[in-house]
Amino acid sequence: MESGRIAPPRYCYQPWSNLFVRPYGKVQPCCQNTTELGNLHRQALEEIWNAPPLQNIRALIAAGRYDEAGCQTSCPLRLAVDQCPELISPDWLQRQGEGSDGEKARRNWEGFLDGWRRGAAVIESRPLCVDIQPSLLCNQHCFMCRQNHGDPAVLPVSLIRGMLPFLDHAPTLRLQGGEVFFLEGFAALALEIKAGLAPFQHLAIVTNGSLLTPELADGLIHGPGEVRFIVSMDGVTEATFRKVRRSGHFQRVMAVLRHLAAAQRRMNRPELVQWNYVLMRSTLGELEAAVTLAGELGVLFNLIFLQGDFPEEDLLNPAGRLSWEEAAMIRRVIDGAAGRSGFSTLPLEILLRQAGEVRYGHSN
């Protein structure tokens, strides 16, 4: 890793670091850009990585032409680059590189930095993070989710296995749905992938937590390879959870979150579990309580902006703008997070900017 602080470019890094694979084999740059780069039923992942479609997106992003590149206007990274570039910490990037153990991973990280800084269309490095969505099937019906959970398509295991040799430089492989544990045979697939990881790699599993029993979680945690869980839970009361998720799984999800937090403390694994929380009108009132609970549990806490056309729920939309009382609450959360690890207040800083409040500094 290079010494000294990294001065990041003022544009998104993901076209140089990420890929997202959908159930039909479609490959796109990330979850916020659905441009088809290729399809695993016709091409290998290594052929797609530097092919013309992704070259074009890298050139457009480097030029700041996000709309032409196909990026969503509500993308958190795009908002951060546009509105709060001074809050994108070089120290965060430095730590990512320091976390890449092994010579192979280190060289790949440095290759990414070089390509991103230059805005290169063709790069020598391989992906740092790949999201794999084996299925859209789900057992919950969140009102803000745009996915077709009745779609029976399943990404063949043979295609997933075929990607893995090209991804042996990637620190993060992430599996998500739908609800991954709703897919038959998923746990066995996750164990197979995890067992083949290098020491510098980890497998992240995104789940709504409703089907992840403590016994299943323990089985995935132990054994060769590192696994991390990203649990999506919006709100800290059953009423809010039911309104958002349209399910009665609140107690079950809270129980597994607490179980994972206890395992994290017991095993001294500070990144074993992350709590994803969608920030919108229906969940804003419980934000302080959620941040407090995450701190008590000792889990990473990640805020996600609402996606889709929900003007009354979207806090970035003029119809959903903050009241003075809500802005004051957000300032309290930001101030209370000072010096706290595992919680970035950047989305909250963006909200305050939108509300006309200028606040500097955020915690990573």
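In helix 15, the residues L346, P347, L348, E349, I350, L351, L352 and R353 are buried, where buried denotes under 20% relative accessible area, exposed over 50% and partly exposed the range in between, as computed with a 1.4 Å probe on protein chains only. The model is a predicted one, in which local features need pLDDT of at least 70 and side-chain atom pairs count only at pLDDT 80 or more, whereas totals for chains, interfaces and linings use all residues. Residues are numbered from 1 along each chain as its sequence is written, and side-chain values use heavy atoms, with hydrogens and water left out.

Helix 15 spans residues 346–354 and is mostly covered, eight of its nine residues being buried; helices (H or I, at least four residues) and strands (E, at least two) are taken as DSSP runs and numbered from the N terminus. The buried residues of this helix pack against helix 4 (76–83), strand 8 (273–279), helix 13 (287–297), strand 9 (300–305) and helix 14 (324–336), contact being defined as heavy atoms within 4.5 Å. Helix 15 lies across strand 8 and strand 9 and runs at about 35° to strand 9. Such angles run from 0 to 180 degrees between N-to-C directions, and the axes are lines fitted to C-alpha atoms, for helices over the stretch in contact. After helix 15 comes G356, which has a positive phi near 90°.

Nine strands form an open sheet with mixed pairing, in the order 3-2-1-4-5-6-7-8-9, two strands being regarded as paired if DSSP finds at least two bridges between them. Strand 3 (38–39) and strand 9 are the edge strands, each of which pairs on one side only. Strands of a sheet pair through backbone hydrogen bonds, either parallel or antiparallel. Strand 6 (residues 202–207) runs parallel to strand 7 and is joined to it by five bridges, with L203 standing opposite V227 of strand 7. Strand 7 (residues 227–232) in turn pairs with strand 8 in the parallel sense over four bridges, and S232 has N276 of strand 8 as its bridge partner. Strand 8 and strand 9 likewise run parallel, joined by six bridges, and N276 stands opposite N302 in strand 9. Strand 8 is mostly covered, seven of its seven residues being buried: V273, W275, Y277 and L279 point one way from the strand, Q274, N276 and V278 point the other way, and all are buried.

A further helix pair is formed by helix 9 (residues 214–221) and helix 11, which pack at an angle of about 35° with their axes 10 Å apart. P214, A217, D218 and I221 of helix 9 and H259, L260, A263 and M267 of helix 11 make this contact, which has six nonpolar residues, one polar and one charged. The crossing of helix 9 and helix 11 is right-handed.

Several loop residues show backbone features of note. R246, in the loop between helix 10 (238–245) and helix 11 (250–267), has a phi near 55°, a positive value in a residue other than glycine, and R246 is exposed, with a relative accessible area of 53%. N268, found in the loop between helix 11 and strand 8, also has a positive phi near 55° and counts as exposed at 66% relative accessibility. A cis peptide bond, with omega about 25°, joins G177 and G178; G178 is found in the loop between strand 5 (172–175) and helix 8 (186–195).

Definitions and conventions:
A crossing is left-handed if the near helix is turned anticlockwise from the far one by less than a right angle, and right-handed if clockwise. Ala, Val, Leu, Ile, Met, Phe, Trp, Tyr, Cys and Pro count as nonpolar, Asp, Glu, Lys and Arg as charged, and the others, Gly among them, as polar.
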